[in-house]
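Work through the exercises below with the sequence and the model open. Try each task before reading its solution.

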Amino acid sequence: MNLKHYTILLLCILQCWIESCQSAKVIPTSMPIYAIRNVNIIPMTASNELINNATVIIQNRKIVAINDVIPKNATIIEGKGKWLLPGLVDMHVHNLADINFSTNYPTKGATLFTDNQDFMSLYLANGITTVLELSARVEHFGQRNEIIKGNIIGPRIALAFLIDGGEGSGNIANTPEEGKQTVRIAKAQGYEFIKVYSGLNQATFNAIVQEAQKQGMKVVGHIPNVFRGKLAEAFIPNYSLVAHAEEFSKQSKSFSFSDAQRFAQLAKENGTWLTPTLITMVRIAQQTHSLDSIKNSPLLKYVPPLMQSKWLLSNNYNRETDTKRITRIDSMVIFHQLLIKAFKEAKVPIVTGTDAGVSGVIWGFSLHDEIALLVKAGLSPEEALVSATRLPAQWLGIEDKIGTVGKDKMADLLLLDANPLDDIANTRKIAGVFINGRWVNQKSLQQMLLNTEKHHKANQGKDEFDWKKRKSF
Ligand SMILES: [Zn+2]
């Protein structure tokens, strides 16, 4: 085909696309006008000056005015005695999405399906309006589009493409050239961030981080194992966010505060932020002792049955446990608290993340555990809330849209029955959530959770991949 024919073909495709769009479903842009009145705003801006008894007007998914006249046709939400803050952000999640766990052949497609609404309801019911998916694959684009189209109510989702080294399957790079090419492919496919993993060799890690910078993609992830004993060499420009406190505790023999301070200094000098995922290690520690924490969790009913069966019947943390391991993991839980103190002292930005999807870490609910753990480790309630709102928005590069309450910001908001600055446990007292301009009150949130529970109960034990039926995929 010569260039002329190719151009004509492209124009035909474009014409067909435009025509089909005209008949396709149009994403609704007009939404009801809402006014929250008499509400106390915790804006989470740098000055964070509270605005008491305020009126917030929301139109077409945005906050259009604060303390202005309420439009006649507005739906009124009474905010008296309530507290309004930005929707929360979980910067480390693993969302379930359709997947093929079976043998493949052309046209085969997925074998295991996720009910996206049942799943996303867990975030919504917990006031989480943005998440960062840290092992994104094609199905996550579809999931995200369902939310954008309004077919599913769920959070904004940022997508990070995971690259590992070694012999495994997946996105593997073992040379600088492979690393650079993998980054370019991820960019071309529409991923927004790169996640680096433990098996990368040093030269490939360096090449990935540099190429990602060239492509305008920040790098988040593990500190590859190759940096044991030479940690400073991992801190190169554009290595922007360490995905776990554990990445540092793996580097410490003594679990001393001076080690924590040394790590904080390295991060500070390189402009690298931290997602501690404290709750992950707390849950892992519980499971190394016994599975009671999972068996007795009142929230297990919200976990898809297949994951319930995996967490209970094929739990590696519990299966491979011994006294030495238990002692080490318990010490890590304590050391992580020291890390938070040291990172706070060094003024390294900390953002909230949970690693939701790891056994025992339940999507949505676990973010409130993480926020509470950060306060326990020494952050003030306000600092912990900054870590869950404004800072993640900044890291993601969408601080002009979310992360603070103000005029022209997207209406991603959390309305609480009590002030979280007085007691951080109040983040769980949710009166309602605005998600992308859509209001969902507490009653509806509870109904959504009930639906999730009901569907999981009905599906219990039915899937052929259930761990009771199969010992491996
Ligand atoms: Zn993870």
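**Exercise 1. Find the largest nonpolar core and the residues with the most contacts inside it.**

Solution. The largest nonpolar core has 127 residues. A nonpolar core is a set of buried Ala, Val, Leu, Ile, Met, Phe, Trp, Tyr and Cys residues joined through C-beta atoms within 7 Å. Buried means 20 or more other C-beta atoms within 10 Å of the residue's own; exposed means 12 or fewer; partly exposed lies in between; C-beta atoms are placed from the backbone. The residues with the most contacts inside the core are Leu 84, Ala 160, Ile 194, Ile 208, Leu 339 and Phe 343. Helix H12 (residues 323-345) gives the most to this core, with 8 residues. Helices (H or I, at least four residues) and strands (E, at least two) are DSSP runs, numbered from the N terminus.

The model is predicted: local features need pLDDT of at least 70, side-chain atom pairs count only at pLDDT 80 or more, and totals for chains, interfaces and linings use all residues. Residues are numbered from 1 along each chain as its sequence is written.

**Exercise 2. Describe H12: its span, its buried residues and what covers them.**

Solution. Start with the span. H12 has 23 residues and reaches 34 Å from first C-alpha to last, close to the 33 Å expected at 1.5 Å a residue. The expected span is 1.5 Å times one less than the number of residues.

Next, burial. Ile 329, Met 332, Phe 335, His 336, Leu 338, Leu 339, Ile 340, Ala 342 and Phe 343 are the buried residues of H12. Their cover includes helix H6 (246-249), helix H7 (257-270), strand S12 (273-274), helix H8 (278-289) and helix H13 (365-376).

Then take one residue. Leaving out residues up to four places away in sequence, Phe 343 touches Ala 264, Ala 267, Leu 274, Val 348 and Ile 350. Contact means C-beta atoms, placed from the backbone, within 7 Å.

Finally, the end. Lys 347 follows H12 and has a positive phi, near 60 degrees.

**Exercise 3. At what angle do H8 and H12 pack, and which residues meet?**

Solution. The angle is about 155 degrees, and the axes of H8 and H12 are 9 Å apart. H8 is therefore roughly antiparallel to H12. Axes are lines fitted to C-alpha atoms, for helices over the stretch in contact, and angles run from 0 to 180 degrees between N-to-C directions. Angles under 35 degrees count as roughly parallel, over 145 as roughly antiparallel, 65 to 115 as roughly perpendicular and the rest as oblique.

Now the contact. From H8 come Leu 278, Met 281, Val 282, Ile 284, Ala 285, Thr 288 and His 289. They meet Arg 325, Ile 326, Ile 329, Asp 330, Met 332, Val 333 and His 336 of H12.

**Exercise 4. How do helix H2 and helix H16 pack?**

Solution. H2 (residues 116-124) and H16 (residues 442-459) make an angle of about 140 degrees, with axes 9 Å apart. H2 is therefore oblique to H16. H2 contributes Asp 118, Ser 121, Leu 122 and Leu 124 to the contact. H16 contributes Leu 445, Met 448, Leu 449, Asn 451, Thr 452 and His 455.

**Exercise 5. Is Thr 75 buried or exposed?**

Solution. Locate Thr 75 in strand S4 (residues 75-78). Thr 75 is exposed because 11 other C-beta atoms lie within 10 Å. Beyond four places in sequence, Thr 75 touches Pro 32, Ile 33 and Tyr 34.

Methods. Contact = placed C-beta atoms within 7 Å.
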